[in-house]
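These are my notes from a first look through the structure.

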Amino acid sequence: MSARLTPKGAATRDRIIEGASAEIREHGVTATLDDIRARTRTSKSQLFHYFPDGREQLLLAVARYEADRVLADQQPQLGHLTSWDAWLAWRDAVIARYREQGQQCPLSALITQLGRATPGAQAVVTELMAQWQAEIAAGVRYMQAAGEISADLDPARTAAAIVAATQGGVVMMMSTGDTFPLEAALDLAIGYLQASPALRTSPAPRASSPAPRVESSLGR
């Protein structure tokens, strides 16, 4: 719909989405359309002009906005994983992002509210994870070309594992309020990447010869 809007209309729609996001961050998904209208200073007719399907359509737009924020909050570090200092700076940015967010995750709450099995909600999560993994995979490839990461590692699988570990740490942080699991996951992932060239060049352990069979006289 935004492609058919005038610049003024697009700005109004964006203002509604940003206001709804702020309302949900402060008060959760129980925020009503009246709450959002009051915050964004829009009329009911304006709200339904931009979101004719009502609250569910607006929540999906806010979920996409929040998903974009997940990646935007990791920039510019995420897009420039070209040295170990850059990887560590990205690690710090991720931890700072989730520490500031705290135990409430607007995106998770929105996806739950919309229903994780609905096509719209699935698309939001799928696009977020795909973009996140693509950025990390690009960093892995750059470091492989520089000889800093083993060429034996598959960039896509490596990126998927790092994102999965990060998300696991985030879930634990949301449950406990402690960022330690997230810090540990990122530290171990980066440490493994740093050690991967040495692991690749180390000679494989030689298989030991099977021990000779000894016939036992016990029980005879």
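This is a predicted model: local features need pLDDT of at least 70, side-chain atom pairs count only at pLDDT 80 or more; totals for chains, interfaces and linings use all residues.

**Entry 1: helix H7.** The 27 residues of H7 should span 39 Å at 1.5 Å a residue. I found its end C-alpha atoms 38 Å apart, which agrees. H7 covers residues 119-145.

I then listed which residues of H7 are buried. They are Ala121, Val124, Leu128, Met129, Trp132, Ile136, Ala137, Gly139, Val140, Met143 and Gln144. An α-helix has 3.6 residues a turn, so residues three or four places apart point the same way. What do the buried residues of H7 pack against? I noted helix H4 (55-72), helix H5 (84-101), helix H6 (106-114) and H8. After H7 comes Gly147, and its phi is positive, near 75 degrees.

**Entry 2: H7 against H8.** Two packed helices are described by the angle between their axes and the distance between the axes. For H7 and H8 I read an angle of about 125 degrees, and their axes are 8 Å apart. That angle makes H7 oblique to H8. The crossing of H7 past H8 is right-handed.

Which residues make the contact? From H7 I wrote down Met129, Trp132, Gln133, Ile136, Ala137, Val140, Arg141 and Gln144. From H8 they are Pro155, Ala156, Thr158, Ala159, Ala160, Ile162, Val163, Thr166 and Gln167. I sorted the residues of this contact into 11 nonpolar, five polar and one charged.

**Entry 3: Thr158.** Is Thr158 buried or exposed? Its relative accessible area is 15%, under the 20% limit, so Thr158 is buried. I left aside its neighbours within four places in sequence and looked for contacts of Thr158. They are Val140, Leu153 and Leu193. Val140 is also listed among the buried residues of H7.

Entry 4: I went on to H4, which has 18 residues. From its first C-alpha to its last, H4 reaches 25 Å, close to the 26 Å expected at 1.5 Å a residue. The buried residues of H4 are Leu58, Leu59, Ala61, Val62, Ala63, Glu66, Ala67, Val70 and Leu71. These residues pack against helix H1 (7-27), helix H2 (33-40), helix H3 (44-50), H5, H6 and H7.

Arg64 also belongs to H4. I found that Arg64 counts as partly exposed, because its relative accessibility is 32%. Leaving aside its neighbours within four places in sequence, I found Arg64 in contact with Gly120, Ala123, Val124 and Glu127. One of these, Val124, is buried in H7. I also looked up the pair Arg64 and Ile17, which are 47 residues apart along the chain. Their C-alpha atoms are separated by 9.7 Å.

**Entry 5: two backbone exceptions.** Most residues other than glycine have a negative phi, and most peptide bonds are trans. I looked for departures from this. The peptide bond from Gln75 to Pro76 is cis, with omega near 5 degrees. I placed Pro76 in the loop between H4 and H5.

Arg41 has a positive phi, near 55 degrees, although this residue is not a glycine. Where does Arg41 lie? I found Arg41 in the loop between H2 and H3. Arg41 counts as exposed, because its relative accessibility is 67%.

How values were computed: Residues are numbered from 1 along each chain as its sequence is written. Side-chain values use heavy atoms; hydrogens and water are left out. Buried means under 20% relative accessible area, exposed over 50%, partly exposed in between (1.4 Å probe, protein chains only). Contact means heavy atoms within 4.5 Å. Axes are lines fitted to C-alpha atoms, for helices over the stretch in contact, and angles run from 0 to 180 degrees between N-to-C directions. Helices (H or I, at least four residues) and strands (E, at least two) are DSSP runs, numbered from the N terminus. Angles under 35 degrees count as roughly parallel, over 145 as roughly antiparallel, 65 to 115 as roughly perpendicular and the rest as oblique. A crossing is left-handed if the near helix is turned anticlockwise from the far one by less than a right angle, and right-handed if clockwise. Ala, Val, Leu, Ile, Met, Phe, Trp, Tyr, Cys and Pro count as nonpolar, Asp, Glu, Lys and Arg as charged, and the others, Gly among them, as polar. The expected span of a helix is 1.5 Å times one less than its number of residues.
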